[in-house]
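I opened this entry to keep track of what I looked up in a two-chain model. The notes follow the order of looking.

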Amino acid sequence: MATKLKPVDAVIVGFGWTGAVLARELTKAGLNVLALERGGMRDTIPNFAAPMIHDELRFAIRHDLMQDASRETLTFRNNVDQTALPIRRWGSFLPGNGVGGAGVHWNGQHYRFAPSEFRIRSHYGERYGKTFIPKEMTIQDWPVTYDELEPYYDRFEYLCGTAGKAGNIKGVIQEGGNPFEGSRAREYPNPAMKRSFQMKMFEDATREMGFHPYVQPSSDVTQAYTNPEGVDMGSCVYCGFCERFGCEMSAKASPQSTLLPLLLKDPRFELRTLSHVTKVNLDSGRKKSTGVTYIDSQGREFEQPADMVLLCAFGLHNARLMMLSGIGRIYDPKTGKGSVGRNYAYQMSSSVTAHFNDKVFNPFMGAGACAMIIDDFNYDNFDHGPLGFVGGSYICVESKGQRPIDFRNLPPGEPRWGKGWKQSVAHWYNRTFVIASFGSVTAQRSNYLDLDPNYKDGFGNPLLRMTFDFSKNDLDMSKYCTDRAADIAKHMNPDKMGINYRKGPYSIVPYQTTHTTGGTIMGADPTTSAVNRYLQSWDVPNVFVMGAGAFPQNPSHNPTGTVGALAYWAADAITTKYLKSPGRLVPS
Amino acid sequence: MTIKRREFVVGAGVIGVVGVTGGSVAPQPASAEHAMQMGAKQTAHASSPAQTATSAPPEKRAYTFLNPDEATWVEAAVNHMIPADDLTASGVDLGIAYFIDQQLAGGFGQGGKMFMQGPWHPGVPQQGWQVRLSPAEAYRAAIPAINAYCTKAYGKDFSSITESQRDEVLNDLGTGKADSGPLPAGLFLDLLYQNVMEGFFSDPAYGGNRDKAAWKMIGYSGATGNFVDLIETTYNKPYTEPSQSIADLS
């Protein structure tokens with residue numbers, strides 16, 4: 001029997017990036033906000049303290065900061081002809097957990113999507129003809145434009161202290177930036193990251209080849225910085241323990257390093273950790289939420305009433321909560337009907353290794369977002385006509401900090417163990433770098449999320465089921481871009497090189513990226529989207545759903561920059577429109 | 001070469017404490033030697049005594065998971081994958097067998113963060129680990145099966161066959177030609193290989209990578225974490241500072 005608690009104005013489910021942004025914006029607007037986080041409290045001190053945090057085995061391999069799959073996982077199959085089975089240990093992607101969520105262990109790679117991406121279907125139709133897009137490819141225009149989001153991209157970048165060189169300010173292309181970028185109002189808040197030797201080699205080679213290299217925009221802050229909220233951030237020391245680790249310097253932007261100090265002092269904000277939300281409650285009409293139900297660490301069930309509910313629990317969990325709570329109709333690929341779970345997408349990734357006998361790279365030096373990029377084969381920056389696929393990749397050399405349990409790329413044909421292997425790795429570890437290609441995944445009719453019929457979590461609720469495989473379109477795109485990466489490697493004249501194409505079928509075993517998107521997509525049409533352009537549920541207007549679940553398909557660039565921008569965009573709609581007149585912000 | 005049972009040598013010191021057994025940790029070689037040792041030249045790998053000898057009389061440690069037959073098997077596999085040479089001491093001398101023992105006794109081995117609820121189905125390779133066994137149980141099931149396979153194929157158990165036969169068995173475990181008992185093809189070799197690499201390259205706090213030998217071999221800085229002044233000033237220059245463990249920095 002659930003204990004009913006005192007109501008709050010807004011309850012936030014999950015306390016990562018979007019939870020922190022929404023908590024701050026709603027408390028500033030005068031609301032009493034309660035954040036419920038299923039994991040434990042974490043803060044820079046003591047949880048991310050060095051040297052403890054510089055432990056590859058514990059954090060990068062044993063996933064100390066991530067969700068414990070033994071308690072809750074998802075099931076996976078490539079297609080409806082397979083039976084979905086639990087992901088029994090993480091591989092392909094690493095869901096976060098605890099205060100800060102994945103915002104603690106991300107790399108800090110901070111992008112904006114290209115303007116054309118926001119109207120991808122219209123754009124491809126205009127340039128290549130309407131039949132260019134295959135029928136099974138369910139890509140959609142976003143219900144928001146780049147220009148509308150630009151001030152919110154800016155806002156999140158200034159919160160994070162993003163370091164970079166703008167490529168286009170008010171329509172004027174800037175020397176040293178990415179000329180393919182959308183226009184922005186002003187420069188980044190902090191100067192771009194330093195260049196490692198391998199980044200410099202890539203920059204020189206790509207420039208010689210006629211491409212347009214730029215330093216990756218990075219929320220690993222490059223100098224001491226006080227953000228517009230008045231929170232002091234540290235300066236990155238290129239320690240090489242970024243992705244999968246917390247930052248001891250408060251230099252990597254996270255909820256902890258950008259917002260938490262303010263929120264913890266705010267009397268209008270309360271954070272309850274180890275509080276696992278199992279359901280969003282609806283009234284008898286099923287069009288209004290009355291709050292949420294959660295279970296504490298002792299197994300006591302609570303009903304938390306609230307005027308509005310913000311789902312901020314990462315795209316996958318948000319989709320599952322909507323399904324478990326009966327918000328919106330679950331997508332069925334047979335009928336094509338249902339809005340929750342559709343357009344699940346992921347990321348294509350592949351690599352080329354370059355090995356040089358006479359060069360030394362010190363690959364352990366680096367930061368999560370210390371990289372050199374080209375966008376020449378990204379978005380629609382190149383002619384897709386003769387190629388026949390939709391989408392593209394960014395191609396890069398990353399100096400993320402290459403730690404030896406995970407990074408020992410040897411040339412093809414080397415032994416795997418023994419004396420010969422030791423000689424090989426002793427020689428090549430320091431003489432190798434990787435040219436990586438990270439690409440888009442288009443939405444497909446057959447790739448979706450729903451609830452599993454066979455497996456449950458410890459609370460007795462069905463696990464999320466993921467049905468996903470790489471489409472021919474995306475495999476073709478990935479091969480093309482991998483070949484372009486190989487061209488760049490060849491131009492640098494390495495002594496040896498290896499090409500690692502991404503081949504199907506999609507496997508959840510090797511790590512790729514944690515850029516899972518879709519499932520709660522935003523759109524203009526309530527029959528083919530779960531939320532409207534303000535991330536408000538079409539079906540239950542006092543529920544808003546954050547995260548990359550909103551993306552109708554996944555562009556190539558990393559999602560967090562857009563996730564943060566959309567959180568500010570939604571917060572703005574809530575505080576300036578919704579609170580004045582609660583109800584549907586977009587007629588359905 | 002037969003490996004005597006329980007003739008293992010493990011890393012100096014308990015977790016977090018350096019040099020507890022009374023000897024001190026080997027002094028770091030001087031910079032120039034160290035720079036050479038980092039592999040700046042292709043063939044000139046320094047074989048300074050400080051690098052390959054045990055630093056102090058090593059503390060003897062008991063295994064708390066592996067039984068004697070398993071210990072023999074694991075030590076043979078570890079020493080086969082990481083043999084003694086002028087780059088490092090043997091894998092067993094570097095503590096890798098002890099590392100594996102400790103991992104199997106602890107959370108990882110017991111399947112702590114793995115979803116171990118049924119129903120159970122073999123699945124397809126894309127669905128990953130679907131065996132109804134923890135990693136520790138997988139070792140326990142595979143080792144006797146592999147020994148039986150070796151006896152049948154070569155007349156002796158895994159630790160007693162020749163080096164080239166052992167190499168063949170490991171490769172055949174990868175393809176599924178060699179029997180690993182109740183496990184699907186390739187699973188056990190992947191697991192073993194992953195654990196050996198972890199034992200070789202992880203922080204010495206976990207029992208392997210004794211004296212940071214693996215890190216020194218490849219020129220990895222270890223748990224050190226401040227390169228803001230070096231990343232742009234060491235183009236094509238080997239890093240010459242000593243590798244540091246978490247204990248060194250604590």
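Conventions. The model is predicted, so I kept the limits in view: local features need pLDDT of at least 70, side-chain atom pairs count only at pLDDT 80 or more, and totals for chains, interfaces and linings use all residues. Residues are numbered from 1 along each chain as its sequence is written, while chains are lettered from A and ligands numbered from 1 in the order in which they are written.

Chain A. I looked up the elements and found 13 helices and 22 strands; helices (H or I, at least four residues) and strands (E, at least two) are DSSP runs numbered from the N terminus. The C-alpha trace spans about 70 × 55 × 50 Å along its principal axes. Of the 588 residues, 61% count as buried, that is, with 20 or more other C-beta atoms within 10 Å of their own, where 12 or fewer means exposed, anything in between means partly exposed, and C-beta atoms are placed from the backbone.

Contacts in chain A. Among those between residues at least 6 apart in sequence, 75% join residues at least 24 apart; a contact needs C-beta atoms, placed from the backbone, within 7 Å.

Core. I noted that Ile12(A), Val13(A), Leu310(A) and Ile435(A) touch the most other members of the largest nonpolar core, which has 241 residues. Such a core is a set of buried Ala, Val, Leu, Ile, Met, Phe, Trp, Tyr and Cys residues joined through C-beta atoms within 7 Å. I then listed partners of Ile435(A) beyond four places in sequence, among them Phe202(A), Ile395(A) and Ala489(A).

Pro46(A). I found Pro46(A) in helix H2 (residues 44-47) of chain A. Why is Pro46(A) exposed? Pro46(A) counts as exposed because 8 other C-beta atoms lie within 10 Å. Pro46(A) and Leu149(A) are 103 residues apart in sequence and 36 Å apart in space, C-alpha to C-alpha.

Chain B. I recorded nine helices and zero strands. Of its 250 residues, 46% count as buried. Among contacts in chain B between residues at least 6 apart in sequence, 62% join residues at least 24 apart.

Interface. I looked up the contact and found 54 residues from chain B and 56 residues from chain A. On the side of chain B that touches chain A, H7(B) gives the most, with three residues.

Methods:
Two residues are in contact if their C-beta atoms, placed from the backbone, lie within 7 Å.
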